[in-house]
Every structure is written in C-alpha cells, then in structure tokens.
Amino acid sequence: MSIIKGILKEELKRLEELSAFYKEKILEVPCGSISVKERGGKRYIYLAHREDKKVIFDYVGKDIPEVRDALNERMQQRKEYQAKLRQVKENLEEIKRSLRGKRK
Amino acid sequence: MEKENDLFFTILIRLDKEEVLRDIILIGGWCPLVYKEYFGNPVEISMQRTADLDLLVPNPPRIHKDVDVSLIFKELGFDKKVSLLDGYEKYVHPDLEVEFLTPERGRGRGKPYTIDKLHINAQGLRYLDLIQSYTIKTSYNGISINVPEPTAYVLHKFMVSDRRKKPFKREKDIETARQLGEYLLDQESQRNKMLEIYLRMPEKWKKDLIKIVKGTSEKIYIFLNSTEN
C-alpha cells in the first residue's frame, strides 16, 4: 500500500469511528423541542417530539429557570453534535472520493 | 488540508495566549510544517501529515501556570473521548484529533499520567526522552513554539518506525525521516547536531538505529557509521 493511500485509509477509519461517537452522543441528549403548558395556574415544561404522525409530549418538570436553562443547554449540545456529524459525513465523502480516484 | 491548517493554527494561538505552549512541545506529524518555515520553505521537506496532532508534556511536567486545557479544547469545538479500556483520552474534532503524550518511565504503567495543572491526562510512550532532551524554540507564523531539534526528530522517527505494527505507518515514518534527515545532512550545523545526539544515545539505541538506517538511507547510514570509526 502506498503511503498516501495508507494515510487516506487511516483517516477513513478515524472518521468512521468519529461518526459512531457523535451518533452515540446525539442519542444521549433528549430530542424534540421545548413546550410549556399551563395547568391549574402553574407552568410545566414538556419535550415535544413526533412519532409517526403523532406529537408526543414528555413531561420534564416545573417551568423554573434552572430546568429550562439546563434543557436549553442540552438541546444546544444536540445541535452542535448534529452539525459535527454532518461535517464528519462530508469529510468521509471527500476521503471516499479520493480513495476511489486512486483506484482508477 | 486548509481546514486542518486553520484549526491547527487556532489551537496554537489559544495555547499560546493561555501560556501553555511555552511548557509543552509539538511533536509528531505536524512538526515538518514548522521545520519548513524554520528552514525557509525548502522543497525537500514534505508537507504530508495526518489528522493526528501530538503534544508532548515533559516528564516530570514543568508547568508554570494552572490552565484548564480540556476546557480550551471544548471551546474550540473538540469533544473529549476517553478509552474505556485504559482511560487514555484524546480530543476529537471532525478535522483533527489531539493527543497528549509524555515519556514513559521505568517499566511502564499501562495507565495515563495525570497532568493536574493542565487538567488533562497524557499517554506514556517510549523513546520520547530523546525528543524531550533536544528541543528548539522557534516561530511558526509569528507564534513561539517548542519543537524537537530537527535531527532528534529524524533519529526518533527512525527508532519508532521499528515499533509500528502497520506497514504503511512504518514506511511513512521512514520516508519522513529519510527525506528530512538527508536534507539536514547538507548543513554543517545540523550534521554536528545529529552527531552530538547520536553519540549520546545508549549503545542499544545506537545499534538499533544503525540497523534501521542501513536499509533505508545510505547517506545517513554512511554518516552515522563513520562516527563509530
């Protein structure tokens, strides 16, 4: 194997591992969007997400700033992981194209 | 490699700003980039490098300031990835991976070295003493940075090539060392430095090195061998 091809294959392996890493991280963070409902004069936070055609509301807790901030932070983290995963996928495509090109 | 270069430079700027860069040494595949600037951009120095960025923490660590390096990397968009098997950590990013290394001492401990002042852990590896003992401070794009003496880098690359399990990695180490080493031998000051480092090596290391160099670079082999006579 040529050195360049070896480097490309090593990078391919690294990116595949990184893709699995980010996918795992995304699963650790709750999905959906924050929804606040009022019940008996009190406000409660729910996480809304879609399952098939139904919208599911998962109860999180009372609408207090600490809970809301922590949730917002985690949602932001999820977005960051998703952006990184997209970047990894782009890099993977680039490496695969280079490897295919080398075979010609 | 544009993105990787930009990220590499951003890391250097941040670590320099936090006064971390003065206490650690850039090693591994990104050094030739610094050497290229150091020697005035000669074509003989290859720009080939991987996504692994290695930083050496001296052993014992002489860190003058408490800085949360793991937080710096988080701010730069890196995530900490810890091996469940042995606890080694690295900082991952779609474009680069950063690892902290340190010279392994004694029998080897099989677990990471905790660098409290930098809030990181470092992996112990053999032969890094050679690099730690011979460093230069140079400037890369205006940033002051510690790198191994180019000749120490070359000799170290030859030494570690023999420990590589993957043939292409061995070839890459040898090719990098051969190219840079033969270029350095054309300069008297570098020849003297290579000689000085070689002569101070333990006898066993010298023997191993000569064996590796014999089959890979006639020019370096003749030079090192002549010093024995």
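How many residues of chain A are in contact with residues of chain B? There are 13 of them, and they meet 10 residues of chain B, where contact means that the C-beta atoms of two residues, placed from the backbone, lie within 7 Å. Before going further, note that this is a predicted model: local features need pLDDT of at least 70, side-chain atom pairs count only at pLDDT 80 or more, and totals for chains, interfaces and linings use all residues. Residues are numbered from 1 along each chain as its sequence is written, while chains are lettered from A and ligands numbered from 1 in the order in which they are written.

Let's start with chain A. It has two helices and three strands, and from the N terminus on they run α-β-β-β-α. Helices here are DSSP runs of H or I with at least four residues, strands are runs of E with at least two, and both are numbered from the N terminus. The C-alpha atoms of chain A fill a box of roughly 70 × 30 × 15 Å along the principal axes. Its radius of gyration is 21 Å, whereas a compact globule of 104 residues would come out near 13 Å; the radius is taken over C-alpha atoms, and the globule rule is 2.2 Å times the number of residues to the power 0.38.

Now for chain B. Strands β3 (residues 79-82) and β4 (residues 89-92) of chain B pair in the antiparallel sense over four bridges; pairing takes at least two bridges found by DSSP. Look for B:Lys80, whose bridge partner in β4(B) is B:Tyr91. Six residues sit between the strands of this hairpin, and there B:Gly87 takes a positive phi near 85 degrees.

Further along, helix α5 (residues 150-161) of chain B packs against helix α8 (residues 203-214) of chain B at about 85 degrees, with their axes 9 Å apart. Axes are lines fitted to C-alpha atoms over the stretch in contact, and angles run from 0 to 180 degrees between N-to-C directions. That makes α5(B) roughly perpendicular to α8(B), a label for angles of 65 to 115 degrees. Among the residues making the contact are B:Phe158 of α5(B) and B:Trp205 of α8(B).

Conventions
Angles under 35 degrees count as roughly parallel, over 145 as roughly antiparallel, 65 to 115 as roughly perpendicular and the rest as oblique.
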